[in-house]
Amino acid sequence: MNVVTVGAVAVALVLAGCSSSATSSSGEDAAAAWPSTVSLPEADALAWYARDPGTGSGEVHGVAFRDNSVANEVLNAAYDDGWELFTAGEGGIAEGIYEGPAMRDWALCRDGDLLHVYWLPQESTFADGTPITVPSTQVYVTNDFGGCA
């Protein structure tokens, strides 16, 4: 589990599960599994990720885009689709994803799901361990996230 500290609020991004029936995928399979509840901009993705813990909830999907300016497009589409801001932060770290300065992130909720958008100004690591060597936007969706009830 990666924990992102945003101000005084900690938001957990579940990227590893305990279930032996958990499955994960990347690439085209993960892209095809992207949830229809989250609109994405027409931008070239660097990497895709999907993880099903096999428990019926807590499924995680992720995508990384080359340009960190994509974050604004993702956020605008999310607000248009009815997602509500849960928390936002600046300058924190995202354990396992980003350790550098000046990160920005937004956590939004809708119908019990969590949408987490990261604006990363330098090198980072994607959920599947792929190193990203350019500024990027990483977007993750966790279905049935307990903190978004």
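**Figure 1. Surface and overall fold of the protein chain.** The accessible surface of the protein chain comes to about 7,100 Å², and carbon and sulfur atoms account for 47% of that area. The model shown here is predicted. Of the 149 residues in the protein chain, 44% are buried. The chain has two helices and eleven strands, arranged along the sequence in the pattern β-β-β-α-β-β-α-β-β-β-β-β-β. Among contacts in the protein chain with a separation of 6 or more, 59% are between residues 24 or more positions apart.

**Figure 2. The largest nonpolar core.** This core has 17 residues. Trp106, Leu108, Leu115, Val117 and Val139 are the members that touch the most other members. At least two residues each come from strand 5 (60-65), helix 2 (70-80), strand 7, strand 8 (113-120) and strand 11 (136-142). Helix 2 makes the biggest contribution, giving five residues to this core. With residues up to four places away in sequence not counted, Leu115 touches Val38, Ala78, Trp83, Trp106, Ala107, Leu108, Val139, Tyr140 and Val141.

**Figure 3. Val63 and its contacts.** Val63 belongs to strand 5. Its relative accessible area is 0%, so Val63 counts as buried. Residues touched by Val63, leaving out those up to four places away in sequence, are Trp34, Leu40, Ala45, Ala47, Trp48, Phe126, Thr137, Gln138 and Val139. One of these, Thr137, lies 74 residues from Val63 along the chain, and the C-alpha atoms of Val63 and Thr137 are separated by 8.3 Å.

**Figure 4. A buried aspartate, Asp105, in strand 7.** Strand 7 spans residues 104-110 and contains Asp105. Asp105 is buried and has no salt bridge. The nearest side chain of opposite charge belongs to Arg104, at 9.1 Å. The side chain of Asp105 does make a polar contact with the side chain of His116, at 2.8 Å.

**Figure 5. The salt bridge between Asp111 and Arg110.** The count of salt bridges in the model comes to one. The side chains of Asp111 and Arg110 form a salt bridge with an N to O distance of 3.9 Å. Asp111 is in the loop between strand 7 and strand 8. Its phi is positive, about 50°, although Asp111 is not a glycine. Most residues other than glycine have a negative phi.

**Figure 6. Gly91 and Ala102 in the loop between strand 6 and strand 7.** Gly91 lies in the loop that runs between strand 6 (84-90) and strand 7. Ala102 is found in the loop between strand 6 and strand 7 as well. With a relative accessible area of 46%, Gly91 is partly exposed. Ala102 is also partly exposed, with a relative accessible area of 40%. Apart from neighbours within four places in sequence, Gly91 is in contact with Ala102 and Met103. Twelve residues separate Gly91 and Met103 in sequence, and their C-alpha atoms are 4.8 Å apart. Ala102 has a positive phi of about 70° and is not a glycine.

Figure 7. Asp44 is located in the loop between helix 1 (28-32) and strand 4 (45-52). Its relative accessibility is 71%, so Asp44 counts as exposed. Setting aside residues up to four places away in sequence, Asp44 touches Phe65 and Arg66. Asp44 and Arg66 are 22 residues apart in sequence, with a C-alpha to C-alpha distance of 7.2 Å.

Conventions
Residues are numbered from 1 along each chain as its sequence is written. This is a predicted model: local features need pLDDT of at least 70, side-chain atom pairs count only at pLDDT 80 or more; totals for chains, interfaces and linings use all residues. Side-chain values use heavy atoms; hydrogens and water are left out. Helices (H or I, at least four residues) and strands (E, at least two) are DSSP runs, numbered from the N terminus. Buried means under 20% relative accessible area, exposed over 50%, partly exposed in between (1.4 Å probe, protein chains only). Contact means heavy atoms within 4.5 Å. Accessible areas come from the Shrake-Rupley method with a 1.4 Å probe; for residues, only the protein chains shown count as cover. Lys and Arg count as positive and Asp and Glu as negative; His and the chain ends are not counted. A salt bridge is a side-chain nitrogen of Lys or Arg within 4 Å of a carboxyl oxygen of Asp or Glu. A polar contact is a pair of N or O atoms within 3.5 Å; within protein, one must be able to donate a hydrogen and the other to accept it, and residues adjacent in sequence count only if both atoms are side-chain atoms. A nonpolar core is a set of buried Ala, Val, Leu, Ile, Met, Phe, Trp, Tyr and Cys residues joined through side-chain atoms within 4.5 Å.
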